Amino acid sequence: MFFRLLSDVQWRTVRPRWRSKSSSQHTTTSVADPQPISLPAQAQVVICGGGIIGTSVAYHLSKLGWKDIVLLEQGRLAAGSTRFCAGIVSTVRHLSIELKMADYSNKLYQQLEQETGIKTGYVKTGSISLAQTQDRLISLKRIASRLSVMGIPCQIMAPKQVAHLHPLINIHDLVGAMYVPDDAVVSSADVSLALASAASRKGVQIHERTSISHVMVQKGCVTGVETDRGPIECQYFVNCAGQWAYELGLSNEEPVSIPLHACEHFYLLTRPLKKPLESNTPTIADPDGRIYIRSWQGGILSGGFEKNPKPIFTEGRNQLEIQNLHEDWDHFEPLLSSLLRRMPGLEALEIMQLVNCPESFTPDMRCIMGESPTVQGYFVLAGMNSAGVSFGGGAGKYLAEWLVNGRPAENVWPLDLKRFGALQSSRTFLRHRVMEVMPLIYDLKVPRWDFQTGRQLRTSPLYDRLDAQGARWMEKHGFERPKYFVPPGKDLLALDQSKTFYKPDWFDIVGSEVKCCKEAVCVIDMSSFTKFEISSTGDQALEVLQYLFSNDLDVPVGHIVHTGMLNETGGYENDCSIARLNKRSFFMISPTDQQVHCWAWLKKHMPNDSNLLLEDVTWKYTALNLIGPRAVDVLSELSYAPMTPEHFPSLFCKEMSVGYANGIRVMSMTHTGEPGFMLYIPIEYALHVYNELMSVGQKYGIRNTGYYALRSLRIEKFFAFWGQDLDTFTTPLECGREFRVKLDKGMDFIGRDALMQQKQDGVCKRFTMFILEDHDTDLDLWPWWGEPIYRNGRYVGKTTSSAYSYTLERHVCLGFVQNFDEETGEALVVTPDFINRGEYEIDIAGQRFQAKAKLYPFSSLFTQRRRKDEMELSGYHGK
Amino acid sequence: MLAASCCERRMCVCPGPRRIAIPVRSSRLPVFSDAMPAPTQLFPLIRNCEIGRIYSTVCHCHHKHLCCLSPHLAHSHLRCASQKKLATLCSPKENFNQFIHARSYVSTPQRFYLTPPQVNSILKANEYSFKVPEFDGKNVSSVLGFDSNQLPANAPIEDRRSAATCLQTRGMLLGVFDGHAGCACAQAVSERLFYYIAVSLLPHETLLEIENAVESGRALLPILQWHKHPNDYFSKEASKLYFNSLRTYWQELIDLNTGETTDVKEALINAFKRLDNDISLEAQVGDPNSFLNYLVLRVAFSGATACVAHVDGFDLHVANTGDSRAMLGVQEEDGSWSAVALSSDHNAQNESEIERVKLEHPKSEEKSVVKQDRLLGLLMPFRAFGDVKFKWSIELQKRVVESGPDQLNDNEYTKFIPPNYHTPPYLTAEPEVVHHRLRPQDKFLVLATDGLWETMHRQDVVRIVGEYLTGVHHQQPIAVGGYKVTLGQMHGLLTERRARISSVFEDQNAATHLIRHAVGNNEFGTVDHERLSKMLSLPEELARMYRDDITIIVVQFNSHVVGACQNEEF
């Protein structure tokens with residue numbers, strides 16, 4: 001028996017084209033429905049999935065002018081998670097891209113009823129997020145400061161004010177709250193139908209009860225889909241299959257890994273209160289109590305994200321449409337207790353139903369969007385982590401732009417499918433990880449949070465050695481990396497207690513590691529970095545690389561070049577270091593999470609030439625970074641070769657022997673700006689080389705160090721990192737790296753035209769370093785990233801990363817400064833003069849701290865030796 | 001007299017061997033019953049922890065410079081008793097002062113308790129569960145499975161248990177065996193009895209098939225599938241001997257072929273009697289292997305009771321010899337539990353048994369045959385396996401003991417002849433067999449040795465098991481479905497369910513749960529951890545004074561199958 005839960009819609013009253021023949025079919029679960037319209041033989045785009053996401057993609061594609069679109073739904077429209085969705089549209093999000101998507105969705109739904117004539121149940125209720133602890137309030141304040149610079153009204157309020165806004169709420173255990181008056185509720189199924197109806201009017205063909213068995217792929221490109229009603233040829237395929245997306249992705253001959261997993265999600269529906277609750281009563285989110293509450297037909301709807309979620313459908317196929325699953329009251333008990341604590345007056349309210357609706361979750365709590373790295377034309381939008389309604393509109397818009405324009409209008413890297421690879425595809429991994437992710441939705445999000453499940457997948461051969469020496473680990477793209485080393489005898493707080501927005505307990509440990517990097521020598525295992533080798537029989541490799549990369553790679557053998565891999569608009573697709581091993585082969589080092597993205601980009605742009613070889617050698621080398629002034633001494637003692645700058649200049653690469661091991665690639669570079677060497681060691685020598693370094697290094701004071709020290713070093717040196725500071729919308733000119741671009745060499749490369757144009761027009765944002773002036777490290781909240789930057793009291797941009805500089809004894813934030821026209825809001829050119837002539841403040845959770853802006857690092861303060869890249873820098877600065 | 005009266009208590013504190021009192025010398029027979037009064041006096045001490053605490057405090061402050069008091073509770077109590085005298089020798093004032101002084105810094109005397117995990121590891125060491133395998137997602141057997149466990153008090157434990165599925169006939173066999181005067185007889189019976197029963201139940205053709213297989217050296221049809229805990233062992237050395245005796249039995253059965261279908265009741269009685277007979281014969285004949293020779297004699301001179309259940313479809317037979325018990329758990333329509341005994345105890349508390357024993361012997365022995373509630377004033381169970389002292393003629397006993405190995409000769413017990421021993425045999429292994437046809441309300445069967453029944457009333461046993469089984473296995477998911485339920489009511493219901501689950505959660509095994517209650521129950525009928533901890537931390541030599549070996553099997557019936565077939569039949 002189907003019954004529509006949240007909607008009293010209108011299968012009959014609304015009669016869009018796709019349902020012209022029979023409207024009665026939907027009230028029965030008939031086995032053989034007469035199919036009114038036969039499938040077209042071909043289409044430009046086939047969208048799989050008729051939930052809120054699929055219909056939103058169809059809607060936005062049709063709005064952008066694409067007509068030849070077919071949407072296929074295996075059951076009926078909006079009959080999956082969309083049907084059971086609680087329908088809360090909230091902009092209270094931690095990631096700025098998520099915030100933008102939710103904001104757009106809200107605005108879209110608001111006018112949708114007017115646009116389509118279909119009732120969507122949109123009510124602007126506002127939402128109140130409650131804080132039971134001071135830490136939670138800080139977290140809300142951080143969101144509030146981001147919302148307000150976006151122009152979304154919001155207010156931090158005292159518990160008493162909450163009582164005025166909501167009649168039932170118990171405020172005794174609250175310390176504060178955040179009110180967002182523009183948040184809304186909708187009937188998600190109706191929104192989905194409205195979007196479908198609008199798309200259909202623009203020519204999108206919608207077919208229900210049609211399931212796709214697999215996507216046809218030829219030579220790495222989508223050619224069509226095979227359905228139970230025949231094949232459709234198509235150029236693009238969009239997988240919006242929600243919980244079914246994982247299996248659909250694997251059904252192709254060339255599988256597409258879409259890492260998501262469903263969990264059961266419970267919410268409660270009640271009968272109306274004696275005095276029915278107003279439909280515009282604000283929605284309550286009580287993350288400390290793990291519940292949300294909205295008004296629903298005079299009663300309430302309340303669900304939550306429990307600590308012990310129940311993953312479901314691990315082994316296999318879900319139902320076509322989500323039927324009512326088992327109502328597990330015992331499982332719901334903690335959430336019910338929490339609800340009655342928040343609203344004690346509800347004791348006498350009669351239960352209508354406990355709804356169990358599975359939702360899909362992803363390994364990092366962010367949705368999955370974008371083109372498959374392996375199959376061209378295969379797009380994905382799924383894994384909404386139970387925020388499908390909030391994100392649906394915005395995400396659909398970005399994906400439609402991606403198809404039509406080749407890229408979305410915003411930086412969506414945090415959501416890009418290519419941040420994952422096949423390594424996140426294990427069912428066991430997903431099952432374990434989503435059990436951690438689902439509670440995390442309401443957990444306190446503190447800086448430097450690491451997932452605890454699905455760990456120790458990729459490790460360096462030195463893992464056990466480092467672990468035994470007190471390493472604490474973080475994970476990136478499945479790879480374990482040391483954060484810092486706890487000295488013997490020193491005990492840090494338990495994990496839960498070290499969750500803080502203030503000075504963390506490892507402060508002194510990292511401080512001493514930094515000191516050692518500055519004064520002696522440190523070794524850090526950086527094996528997680530993505531490593532590719534490109535070689536050819538002739539000059540093909542050089543030719544290709546010269547076109548793909550912005551810096552001149554025609555350098556003498558043994559030289560290392562820092563270069564960007566730009567897109568057509570001049571933005572960084574990747575930021576890497578390339579060493580020329582010999583005339584015809586190159587060694588390329590990129591950030592860890594570039595493994596899938598960079599590979600896909602290179603494959604896409606490289607000619608199909610059998611003489612040109614691209615190989616992923618990440619797993620072949622262990623990378624050790626020796627940082628510090630005594631690195632030279634350690635290395636020369638181990639190799640009996642002079643390592644001084646005269647013999648081994650900076651940014652140079654040589655194969656040499658270290659200890660007994662031969663064939664170690666030694667590079668005179670670090671990723672922090674300190675003097676030192678990177679050692680790329682074939683893995684079987686890793687332990688030997690490490691042991692030799694440690695024993696020889698002992699007299700030079702060598703010690704292990706981790707990524708936190710590295711981070712502090714690189715940020716105080718004003719080094720930008722791709723993925724944190726740089727993204728596909730940042731050009732080299734905007735971050736002061738024009739010297740790394742071969743603009744004046746008359747060579748063509750991707751993004752050249754855009755950069756030439758920008759050079760002529762000037763940049764509209766500029767990468768800037770801020771030193772916090774009146775910030776007390778011990779007592780004040782620490783900056784993290786995403787904090788608004790104010791110039792002369794006006795919002796000019798956001799920080800992208802921050803760290804405490806042990807050298808400056810100050811916090812350093814990196815970020816982009818823009819210049820918005822006071823009247824029009826248009827982005828104007830940002831000149832160094834504009835930067836220098838401003839008074840700056842950084843807003844950390846509502847509190848503003850004075851900051852000094854700098855465009856160049858304090859190079860003289862740090863270095864004992866002038867190195868090649870800084871010569872370059874100063875040369876550029878002189879201009 | 002003391003010992004006799006204390007044995008009637010639920011908690012037996014009778015020192016030394018309980019079933020058979022071993023006299024120190026044969027000339028001073030009646031002395032044994034008054035033996036070792038000291039522990040009996042200690043008993044109230046240990047029961048009353050308040051007194052114990054005060055004593056230990058006093059002792060502590062007085063003698064801490066003299067001896068480091070062991071924190072071990074039982075030991076400290078023993079010392080307290082002797083040191084109490086010391087304490088009273090001191091002048092009262094000094095004593096008082098020191099007492100006050102001690103209190104100022106020794107706020108609570110150090111006490112030794114087992115932690116809950118330690119308690120659990122002791123209780124769970126011997127637990128075993130068997131679930132009848134399902135076919136195609138369904139269990140069509142009338143038995144769902146069983147839980148069993150045992151807790152030793154003797155070192156080594158004298159109880160045994162067995163469980164097996166009959167492979168050539170239908171049905172399942174479960175039994176508990178309580179040994180006395182050593183564990184040899186109980187061990188032998190636990191290994192052998194089910195084979196005798198299974199063979200008795202086999203049809204003529206199968207017996208022939210098996211005999212032919214043995215004759216021609218082919219592989220035997222498996223008769224039993226055992227469900228054994230790793231601690232339940234079988235003797236390897238004696239297997240050949242046991243097998244030969246068993247084979248002789250089935251050869252006789254083949255020769256006797258009556259052509260009638262085997263009656264289970266008769267089969268059980270025959271098997272019991274035959275095995276006891278074989279045990280007796282093997283001891284008389286002896287064995288050239290000196291180890292085996294000693295073994296068969298130990299088996300014959302020790303004794304064991306047996307309580308065996310045979311479940312086949314709806315037919316439940318219980319064969320009992322001795323004072324172990326089979327108790328059926330019946331759930332009434334209102335959900336309450338009642339206990340139905342499926343066996344009667346063969347001891348002095350059973351009038352008809354006394355009557356039987358007296359009738360089997362001349363009028364002249366009427367007074368001596370049951371004395372002090374014991375057979376011939378010695379043995380508590382009135383039926384048992386082994387115990388040839390109560391079965392053989394005096395001449396036979398003397399002959400066997402004299403020709404037997406030296407170890408046997410050195411043993412006072414084997415040499416001693418019971419008093420007033422005129423018309424043997426006084427003891428039989430013949431069981432009483434009760435047949436019961438399973439009904440849907442029959443939920444489980446508890447088989448247990450008297451160690452359990454001494455400490456708990458059968459009604460409590462059935463209630464605790466019943467609540468445990470329904471709590472864990474039948475906690476139906478709640479569905480609102482059409483009823484008017486408020487949030488508050490639902491919340492109350494859920495909180496109560498949660499509390500119930502957490503209290504039984506620590507045991508996955510019904511037998512373990514029952515032992516926990518048997519050993520740890522306080523006067524309110526709830527498990528008291530302090531008490532449980534004390535009882536389990538008793539040293540080996542003391543444990544037997546406060547409790548007996550406990551062995552429990554809880555068989556759960558499949559009321560779906562039972563119910564469905566009842567409907568078909570009526």
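User: Which backbone nitrogen lies 3.2 Å from a polar atom of the side chain of A:His166?

Analyst: This is a predicted model, in which local features need pLDDT of at least 70 and side-chain atom pairs count only at pLDDT 80 or more, while totals for chains, interfaces and linings use all residues. Residues are numbered from 1 along each chain as its sequence is written, chains are lettered from A and ligands numbered from 1 in the order in which they are written, and side-chain values use heavy atoms, with hydrogens and water left out. The nitrogen belongs to A:Leu168. A polar contact is a pair of N or O atoms within 3.5 Å, where within protein one must be able to donate a hydrogen and the other to accept it, and residues adjacent in sequence count only if both atoms are side-chain atoms; the 3.2 Å between A:Leu168 and A:His166 is within that limit.

User: How do you know that A:His166 counts as buried?

Analyst: Buried means under 20% relative accessible area, exposed means over 50%, and partly exposed lies in between (1.4 Å probe, protein chains only). A:His166 has 2% relative accessibility, so it counts as buried. Apart from neighbours within four places in sequence, A:His166 is in contact (heavy atoms within 4.5 Å) with A:Thr281, A:Pro282, A:Ile284 and A:Met343.

User: What makes the pairing of A:Lys107 and A:Asp103 a salt bridge?

Analyst: A salt bridge is a side-chain nitrogen of Lys or Arg within 4 Å of a carboxyl oxygen of Asp or Glu. The closest N and O atoms of A:Lys107 and A:Asp103 are 2.9 Å apart, so the pair meets that definition. Both residues lie in helix 3 (residues 96–116) of chain A, 4 residues apart, about one turn of the helix; helices here are DSSP runs of H or I with at least four residues, and strands are E runs of at least two, numbered from the N terminus. A:Lys107 is partly exposed at 49%, whereas A:Asp103 is buried at 13%.

User: Why can it be said that B:Arg247 and B:Glu211 tie together parts that are apart in sequence?

Analyst: Their side chains meet in a salt bridge, with N to O at 3.0 Å. B:Arg247 lies in helix 9 (residues 239–255) and B:Glu211 in helix 8 (residues 204–215) of chain B, so the pair links parts 36 residues apart in sequence. Both B:Arg247 and B:Glu211 are buried. A search of the whole structure finds 57 salt bridges over all chains.

User: Which peptide bonds are cis, and what is omega in them?

Analyst: One cis bond joins B:Ala155 and B:Pro156, with omega about 0°, and B:Pro156 is in the loop between strand 2 (143–151) and strand 3 (159–166) of chain B. Another runs from B:Pro424 to B:Pro425, with omega near 0°.

User: Which residues have the most contacts inside the largest nonpolar core?

Analyst: A nonpolar core is a set of buried Ala, Val, Leu, Ile, Met, Phe, Trp, Tyr and Cys residues joined through side-chain atoms within 4.5 Å. The largest such core has 59 residues, and B:Leu193, B:Phe194, B:Ile197, B:Leu224 and B:Phe385 have the most contacts inside it. Helix 7 (residues 184–201) of chain B gives the most to this core, with 12 residues. A second, separate core of 53 residues includes A:Tyr59, A:Tyr122, A:Val191 and A:Cys367.
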